[in-house]
Amino acid sequence: MAMTLEDMSARYATDEMKKAGEKMPQFIVSADGHIDEPPDIFDCLPKEIRDKINRPKIMLETRPKGGVDPLIRVQDMQLDGLAAEVLYPTFTLGLFAQEQTEQEAAFRVYNDWIADFCSHDPKRLFAVPCLSAYNIDNAIKELHRCADMGLLGGMIWQVPHPDLPLTSSHYEPLWAACAELGQPIHFHILTGFNYFRFKREGMEKVRGSVNIKTSEVVTTAFDLVWSGVFERHPKLKAAIVEGEIGWAPFVVQQWDYYYRRNTKPGHPNTDFKIKRLPSEIFNEHIWLTFMDDEAGGHMLDVWGSDRCMWSSDYPHPNMTWPNSRAFIARQIGDLEEAKQKRVLAQNVIDLYGLKL
(Lines give C-alpha, C1' and ligand atoms only; values in the text may rest on other atoms or scores of the structure.)
Protein backbone atom coordinates (compact mmCIF):
# COMPACT_ATOMS: atom_id res chain seq x y z
CA MET A 1 0.00 0.00 0.00
CA ALA A 2 1.37 3.40 -0.98
CA MET A 3 2.17 5.83 1.82
CA THR A 4 -0.21 8.80 1.85
CA LEU A 5 0.79 12.43 2.31
CA GLU A 6 -0.82 12.29 5.74
CA ASP A 7 1.38 9.31 6.66
CA MET A 8 4.49 11.15 5.47
CA SER A 9 3.63 14.32 7.39
CA ALA A 10 2.95 12.49 10.65
CA ARG A 11 6.20 10.56 10.92
CA TYR A 12 8.20 13.35 12.56
CA ALA A 13 5.33 15.42 13.95
CA THR A 14 5.25 14.44 17.62
CA ASP A 15 5.33 17.33 20.08
CA GLU A 16 8.66 16.13 21.45
CA MET A 17 10.30 15.99 18.01
CA LYS A 18 8.90 19.37 17.00
CA LYS A 19 10.19 20.94 20.20
CA ALA A 20 13.65 19.51 19.53
CA GLY A 21 13.44 20.80 15.96
CA GLU A 22 12.88 24.36 17.15
CA LYS A 23 16.45 24.36 18.48
CA MET A 24 17.93 23.60 15.06
CA PRO A 25 19.45 26.41 12.92
CA GLN A 26 16.83 28.44 11.07
CA PHE A 27 18.77 28.65 7.80
CA ILE A 28 18.87 25.23 6.10
CA VAL A 29 19.56 24.05 2.56
CA SER A 30 18.78 20.60 1.16
CA ALA A 31 21.64 19.14 -0.87
CA ASP A 32 19.42 16.52 -2.49
CA GLY A 33 15.80 17.06 -3.41
CA HIS A 34 14.01 15.63 -6.43
CA ILE A 35 11.44 16.55 -9.03
CA ASP A 36 8.80 14.33 -10.61
CA GLU A 37 9.18 14.47 -14.37
CA PRO A 38 5.84 15.03 -16.14
CA PRO A 39 4.67 11.89 -17.99
CA ASP A 40 4.94 13.64 -21.36
CA ILE A 41 8.43 15.09 -20.84
CA PHE A 42 9.94 13.03 -23.68
CA ASP A 43 7.04 13.28 -26.13
CA CYS A 44 9.05 15.80 -28.13
CA LEU A 45 11.58 13.13 -29.11
CA PRO A 46 11.32 11.09 -32.32
CA LYS A 47 9.15 8.00 -31.92
CA GLU A 48 12.02 5.56 -32.54
CA ILE A 49 13.89 7.07 -29.58
CA ARG A 50 10.86 7.66 -27.40
CA ASP A 51 9.70 4.05 -27.67
CA LYS A 52 13.01 2.77 -26.28
CA ILE A 53 12.96 4.95 -23.17
CA ASN A 54 11.86 3.14 -20.05
CA ARG A 55 9.35 5.40 -18.27
CA PRO A 56 7.97 3.77 -15.11
CA LYS A 57 4.61 4.99 -13.86
CA ILE A 58 4.91 7.26 -10.81
CA MET A 59 1.95 7.55 -8.42
CA LEU A 60 1.89 11.35 -8.59
CA GLU A 61 -1.39 11.50 -6.68
CA THR A 62 0.39 10.16 -3.58
CA ARG A 63 3.17 12.77 -3.69
CA PRO A 64 3.40 16.50 -2.99
CA LYS A 65 2.62 18.59 -6.07
CA GLY A 66 5.87 20.51 -5.65
CA GLY A 67 7.61 17.70 -7.47
CA VAL A 68 6.06 18.94 -10.71
CA ASP A 69 5.04 22.55 -10.05
CA PRO A 70 7.90 24.93 -9.12
CA LEU A 71 5.53 27.47 -7.56
CA ILE A 72 4.13 24.86 -5.18
CA ARG A 73 7.68 23.64 -4.62
CA VAL A 74 8.76 27.01 -3.24
CA GLN A 75 5.67 27.16 -1.04
CA ASP A 76 6.48 23.71 0.36
CA MET A 77 10.08 24.77 0.95
CA GLN A 78 8.85 27.76 2.95
CA LEU A 79 6.55 25.49 4.95
CA ASP A 80 9.53 23.27 5.75
CA GLY A 81 11.92 26.15 6.44
CA LEU A 82 14.29 25.56 3.50
CA ALA A 83 16.23 28.51 2.12
CA ALA A 84 17.29 26.64 -1.03
CA GLU A 85 17.45 23.21 -2.58
CA VAL A 86 19.64 21.28 -5.02
CA LEU A 87 17.48 19.14 -7.32
CA TYR A 88 17.89 15.77 -9.01
CA PRO A 89 15.56 13.75 -11.27
CA THR A 90 13.37 10.78 -10.37
CA PHE A 91 12.73 8.27 -13.17
CA THR A 92 15.42 9.87 -15.32
CA LEU A 93 17.91 8.38 -12.85
CA GLY A 94 17.06 5.00 -14.37
CA LEU A 95 17.96 6.20 -17.86
CA PHE A 96 21.66 6.04 -17.03
CA ALA A 97 21.41 2.37 -18.05
CA GLN A 98 19.96 3.20 -21.50
CA GLU A 99 21.91 3.00 -24.73
CA GLN A 100 23.82 6.05 -25.91
CA THR A 101 21.44 7.48 -28.55
CA GLU A 102 18.31 7.59 -26.41
CA GLN A 103 20.27 8.48 -23.28
CA GLU A 104 21.85 11.57 -24.82
CA ALA A 105 18.54 12.67 -26.33
CA ALA A 106 16.58 12.15 -23.09
CA PHE A 107 19.18 13.90 -20.94
CA ARG A 108 19.19 16.97 -23.17
CA VAL A 109 15.39 17.22 -22.87
CA TYR A 110 15.51 16.71 -19.12
CA ASN A 111 18.25 19.32 -18.67
CA ASP A 112 16.21 21.88 -20.56
CA TRP A 113 13.13 21.04 -18.47
CA ILE A 114 14.90 21.28 -15.10
CA ALA A 115 16.58 24.56 -16.10
CA ASP A 116 13.14 25.99 -16.83
CA PHE A 117 11.83 24.60 -13.52
CA CYS A 118 14.59 26.37 -11.58
CA SER A 119 14.10 29.62 -13.51
CA HIS A 120 10.87 30.19 -11.57
CA ASP A 121 12.97 31.01 -8.48
CA PRO A 122 16.68 30.99 -9.40
CA LYS A 123 17.72 32.21 -5.96
CA ARG A 124 16.25 29.15 -4.24
CA LEU A 125 16.06 26.38 -6.84
CA PHE A 126 19.25 24.83 -8.19
CA ALA A 127 19.76 21.63 -10.16
CA VAL A 128 22.41 19.19 -11.36
CA PRO A 129 22.16 18.19 -15.04
CA CYS A 130 22.49 14.65 -16.37
CA LEU A 131 25.45 13.83 -18.61
CA SER A 132 25.74 10.76 -20.84
CA ALA A 133 29.25 9.38 -20.40
CA TYR A 134 29.36 7.07 -23.44
CA ASN A 135 30.92 9.84 -25.53
CA ILE A 136 33.00 12.15 -23.33
CA ASP A 137 33.31 14.90 -25.95
CA ASN A 138 29.52 15.09 -26.10
CA ALA A 139 29.33 15.04 -22.30
CA ILE A 140 31.68 18.02 -22.06
CA LYS A 141 29.63 19.98 -24.61
CA GLU A 142 26.49 19.29 -22.58
CA LEU A 143 28.32 20.21 -19.36
CA HIS A 144 29.12 23.66 -20.75
CA ARG A 145 25.67 24.11 -22.31
CA CYS A 146 24.08 23.38 -18.93
CA ALA A 147 26.49 25.68 -17.11
CA ASP A 148 25.37 28.48 -19.43
CA MET A 149 21.79 27.76 -18.28
CA GLY A 150 22.84 28.09 -14.62
CA LEU A 151 22.89 24.38 -13.74
CA LEU A 152 25.47 22.97 -11.33
CA GLY A 153 28.28 20.76 -12.64
CA GLY A 154 27.10 17.44 -14.00
CA MET A 155 26.03 13.94 -13.00
CA ILE A 156 27.20 10.71 -14.62
CA TRP A 157 26.41 7.11 -13.82
CA GLN A 158 27.40 6.00 -10.32
CA VAL A 159 27.76 2.39 -11.48
CA PRO A 160 29.28 2.71 -14.95
CA HIS A 161 28.89 0.50 -17.97
CA PRO A 162 31.15 -2.55 -17.45
CA ASP A 163 33.26 -1.55 -20.45
CA LEU A 164 33.85 1.96 -19.07
CA PRO A 165 35.04 1.71 -15.45
CA LEU A 166 35.70 4.96 -13.60
CA THR A 167 39.36 3.90 -13.30
CA SER A 168 39.84 4.11 -17.08
CA SER A 169 41.32 7.02 -19.04
CA HIS A 170 37.98 7.42 -20.81
CA TYR A 171 36.85 10.06 -18.30
CA GLU A 172 40.05 12.14 -18.10
CA PRO A 173 38.80 14.99 -20.33
CA LEU A 174 35.58 15.19 -18.29
CA TRP A 175 37.45 15.35 -14.97
CA ALA A 176 39.57 18.14 -16.43
CA ALA A 177 36.52 20.03 -17.74
CA CYS A 178 34.74 19.89 -14.37
CA ALA A 179 37.88 21.03 -12.58
CA GLU A 180 38.29 23.95 -14.97
CA LEU A 181 34.63 24.88 -14.58
CA GLY A 182 35.01 24.82 -10.79
CA GLN A 183 31.90 22.66 -10.38
CA PRO A 184 31.68 19.11 -8.99
CA ILE A 185 31.01 15.87 -10.78
CA HIS A 186 28.08 14.04 -9.15
CA PHE A 187 27.27 10.38 -8.56
CA HIS A 188 23.70 9.72 -7.36
CA ILE A 189 22.63 6.26 -6.24
CA LEU A 190 20.48 4.22 -8.64
CA THR A 191 22.26 5.58 -11.71
CA GLY A 192 23.85 3.23 -14.21
CA PHE A 193 24.21 -0.52 -14.09
CA ASN A 194 23.29 -0.93 -10.45
CA TYR A 195 21.37 -3.33 -8.23
CA PHE A 196 18.04 -1.59 -8.77
CA ARG A 197 17.70 -2.97 -12.29
CA PHE A 198 17.01 -6.46 -10.93
CA LYS A 199 13.83 -7.76 -9.34
CA ARG A 200 14.11 -8.12 -5.57
CA GLU A 201 11.67 -9.70 -3.14
CA GLY A 202 11.62 -10.27 0.61
CA MET A 203 14.98 -10.02 2.29
CA GLU A 204 16.67 -9.41 -1.07
CA LYS A 205 15.04 -5.98 -1.20
CA VAL A 206 16.89 -5.12 2.01
CA ARG A 207 20.13 -6.68 0.79
CA GLY A 208 19.98 -4.42 -2.26
CA SER A 209 18.95 -1.27 -0.39
CA VAL A 210 21.66 -1.65 2.27
CA ASN A 211 24.44 -4.12 1.46
CA ILE A 212 24.71 -3.80 -2.30
CA LYS A 213 23.93 -0.08 -2.43
CA THR A 214 26.62 0.69 0.14
CA SER A 215 29.11 -1.54 -1.66
CA GLU A 216 28.46 0.33 -4.91
CA VAL A 217 28.90 3.70 -3.19
CA VAL A 218 32.17 2.59 -1.58
CA THR A 219 33.42 1.30 -4.94
CA THR A 220 32.73 4.66 -6.59
CA ALA A 221 34.71 6.49 -3.91
CA PHE A 222 37.51 3.90 -4.02
CA ASP A 223 37.89 4.08 -7.80
CA LEU A 224 38.11 7.87 -7.75
CA VAL A 225 40.59 8.06 -4.88
CA TRP A 226 42.83 5.07 -5.57
CA SER A 227 43.10 5.47 -9.35
CA GLY A 228 44.66 8.89 -8.78
CA VAL A 229 41.88 10.99 -10.31
CA PHE A 230 42.31 13.75 -7.73
CA GLU A 231 46.10 13.58 -7.90
CA ARG A 232 45.92 14.31 -11.63
CA HIS A 233 43.13 16.88 -11.21
CA PRO A 234 43.74 18.62 -7.88
CA LYS A 235 40.91 21.11 -8.42
CA LEU A 236 38.28 18.46 -9.07
CA LYS A 237 35.44 18.02 -6.57
CA ALA A 238 33.03 15.08 -6.42
CA ALA A 239 29.69 14.62 -4.68
CA ILE A 240 28.33 11.16 -3.89
CA VAL A 241 24.61 11.66 -3.37
CA GLU A 242 22.10 9.75 -1.25
CA GLY A 243 24.62 7.11 -0.20
CA GLU A 244 24.52 8.22 3.47
CA ILE A 245 27.72 8.88 5.47
CA GLY A 246 28.16 6.38 8.30
CA TRP A 247 30.23 4.02 6.17
CA ALA A 248 32.88 6.60 5.32
CA PRO A 249 34.91 6.98 8.56
CA PHE A 250 35.41 3.22 8.88
CA VAL A 251 36.16 2.56 5.21
CA VAL A 252 38.59 5.47 4.83
CA GLN A 253 40.35 4.44 8.03
CA GLN A 254 40.83 0.97 6.56
CA TRP A 255 42.18 2.43 3.32
CA ASP A 256 44.77 4.36 5.34
CA TYR A 257 45.73 1.22 7.23
CA TYR A 258 46.42 -0.76 4.06
CA TYR A 259 48.11 2.18 2.38
CA ARG A 260 50.58 2.45 5.27
CA ARG A 261 50.98 -1.31 5.47
CA ASN A 262 51.84 -1.55 1.77
CA THR A 263 54.11 1.46 1.43
CA LYS A 264 56.71 0.65 4.06
CA PRO A 265 60.34 0.86 2.87
CA GLY A 266 61.30 -2.32 1.08
CA HIS A 267 57.76 -3.57 0.78
CA PRO A 268 57.08 -5.04 -2.69
CA ASN A 269 53.58 -3.53 -3.09
CA THR A 270 54.51 0.09 -3.74
CA ASP A 271 52.89 0.53 -7.14
CA PHE A 272 49.98 2.63 -5.89
CA LYS A 273 48.82 5.51 -8.08
CA ILE A 274 48.50 7.83 -5.09
CA LYS A 275 51.36 9.31 -3.09
CA ARG A 276 49.58 10.31 0.12
CA LEU A 277 47.05 8.92 2.54
CA PRO A 278 43.66 8.09 1.00
CA SER A 279 41.96 9.94 3.87
CA GLU A 280 43.72 13.17 2.91
CA ILE A 281 42.51 12.83 -0.68
CA PHE A 282 38.98 11.77 0.30
CA ASN A 283 38.54 14.56 2.83
CA GLU A 284 39.73 17.21 0.37
CA HIS A 285 37.79 16.17 -2.71
CA ILE A 286 34.64 14.19 -1.88
CA TRP A 287 31.36 15.50 -0.46
CA LEU A 288 28.59 13.20 0.82
CA THR A 289 24.90 13.66 1.49
CA PHE A 290 22.74 12.00 4.13
CA MET A 291 19.14 11.93 5.20
CA ASP A 292 18.42 9.04 7.56
CA ASP A 293 21.75 8.10 9.14
CA GLU A 294 21.87 8.44 12.91
CA ALA A 295 25.15 6.49 13.10
CA GLY A 296 26.75 8.89 10.63
CA GLY A 297 25.23 11.83 12.48
CA HIS A 298 26.98 10.81 15.70
CA MET A 299 30.31 10.62 13.82
CA LEU A 300 30.02 14.22 12.60
CA ASP A 301 31.39 15.39 15.93
CA VAL A 302 34.80 13.96 15.00
CA TRP A 303 34.62 13.44 11.22
CA GLY A 304 32.95 14.92 8.16
CA SER A 305 31.31 18.12 9.35
CA ASP A 306 33.08 20.07 6.58
CA ARG A 307 32.13 17.67 3.78
CA CYS A 308 28.74 16.15 4.65
CA MET A 309 25.44 17.73 3.65
CA TRP A 310 21.87 17.10 4.78
CA SER A 311 19.09 16.34 2.30
CA SER A 312 15.30 16.16 2.51
CA ASP A 313 14.65 13.83 -0.49
CA TYR A 314 11.37 15.66 -1.20
CA PRO A 315 8.99 14.52 -2.79
CA HIS A 316 10.01 10.86 -2.47
CA PRO A 317 8.21 8.61 0.02
CA ASN A 318 11.02 8.67 2.62
CA MET A 319 11.29 12.47 2.59
CA THR A 320 11.47 14.51 5.79
CA TRP A 321 9.00 17.20 4.62
CA PRO A 322 7.18 19.03 6.17
CA ASN A 323 8.88 18.38 9.52
CA SER A 324 12.52 18.40 8.48
CA ARG A 325 13.81 20.26 11.54
CA ALA A 326 12.23 17.69 13.85
CA PHE A 327 13.88 14.93 11.85
CA ILE A 328 17.23 16.74 11.76
CA ALA A 329 17.16 17.09 15.55
CA ARG A 330 17.04 13.32 15.86
CA GLN A 331 20.02 12.99 13.54
CA ILE A 332 22.38 15.75 14.70
CA GLY A 333 20.65 17.44 17.63
CA ASP A 334 23.67 16.91 19.91
CA LEU A 335 26.17 18.36 17.41
CA GLU A 336 27.63 21.76 18.30
CA GLU A 337 25.87 24.65 16.61
CA ALA A 338 28.75 25.71 14.35
CA LYS A 339 28.94 22.20 12.88
CA GLN A 340 25.17 22.01 12.56
CA LYS A 341 25.24 25.17 10.44
CA ARG A 342 27.90 23.71 8.19
CA VAL A 343 26.11 20.42 7.68
CA LEU A 344 22.70 22.04 7.18
CA ALA A 345 23.69 24.86 4.83
CA GLN A 346 27.24 26.16 4.60
CA ASN A 347 28.82 23.06 3.05
CA VAL A 348 26.32 23.18 0.18
CA ILE A 349 26.85 26.91 -0.27
CA ASP A 350 30.63 26.49 -0.33
CA LEU A 351 30.61 23.49 -2.67
CA TYR A 352 28.64 25.30 -5.37
CA GLY A 353 29.49 28.90 -4.60
CA LEU A 354 25.81 29.72 -4.11
CA LYS A 355 24.74 33.32 -3.52
CA LEU A 356 21.80 32.96 -1.14
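P315 sits in the loop between β8 (308-310) and α13 (324-332). The structure is a predicted model.

**The loop between β8 and α13**

The peptide bond from Y314 to P315 is cis, and its omega is near 5 degrees. P322 belongs to the loop between β8 and α13 as well.

D313 is another residue of the loop between β8 and α13. Its phi is positive, about 65 degrees, although D313 is not a glycine. Is D313 buried or exposed? D313 is buried, because its relative accessible area is 2%, and buried means under 20%.

**A positive phi at L190**

L190 also has a positive phi. The angle is near 70 degrees, in a residue other than glycine. L190 is in the loop between β5 (185-188) and α8. The relative accessible area of L190 is 22%, so this residue counts as partly exposed.

| Site | Angle and value | Note |
|---|---|---|
| Y314 to P315 | omega near 5 degrees | cis peptide bond |
| L190 | phi near 70 degrees | positive, not a glycine |
| D313 | phi about 65 degrees | positive, not a glycine |

**The largest pocket**

Now to the empty spaces. Rolling a probe the size of a water molecule over the atoms shows where empty space is left.

The largest pocket has a volume of about 1,300 Å³. How many residues line the largest pocket? The lining has 35 residues. Nearest the centre of the pocket lie L190, Y195, F196, E242 and H316. Two elements give two or more residues to this lining: β1 (28-34) and α8 (203-226). Of the elements, α8 gives the most, with three residues.

What kinds of residue make up the lining of the largest pocket? There are 12 nonpolar, 12 polar and 11 charged residues.

**The largest cavity**

A search of the whole structure finds one cavity of 30 Å³ or more. The largest cavity holds about 40 Å³ of space. Which residues line the largest cavity? They are R73, D76, M77, D80, L82, E85, S312, Y314 and W321.

At least two lining residues come from each of α4 (70-80) and β2 (82-88). The most come from α4, which supplies four residues to the lining of the largest cavity. By class, the lining has four nonpolar, one polar and four charged residues.

L125 is part of strand β3 (residues 125-127).

L125 and E85 are 40 residues apart in sequence. In space, the two are 5.5 Å apart, C-alpha to C-alpha. L125 also touches E85. Leaving aside residues up to four places away in sequence, L125 touches P70, R73, V74, M77, E85, L87, F117 and C118. Among the residues that line the largest cavity are R73, M77 and E85.

Methods
Residues are numbered from 1 along each chain as its sequence is written. This is a predicted model: local features need pLDDT of at least 70, side-chain atom pairs count only at pLDDT 80 or more; totals for chains, interfaces and linings use all residues. Side-chain values use heavy atoms; hydrogens and water are left out. On a 1 Å grid over the protein atoms alone, a cavity is a set of points where a 1.4 Å probe fits but cannot get out, and a pocket is an open set with protein on both sides within 12 Å along at least five of seven lines; lining residues have an atom within 4 Å of a point. Grid points are joined across faces, edges and corners, and a volume is the space filled by probe spheres set on the points. Ala, Val, Leu, Ile, Met, Phe, Trp, Tyr, Cys and Pro count as nonpolar, Asp, Glu, Lys and Arg as charged, and the others, Gly among them, as polar. Buried means under 20% relative accessible area, exposed over 50%, partly exposed in between (1.4 Å probe, protein chains only). Contact means heavy atoms within 4.5 Å.
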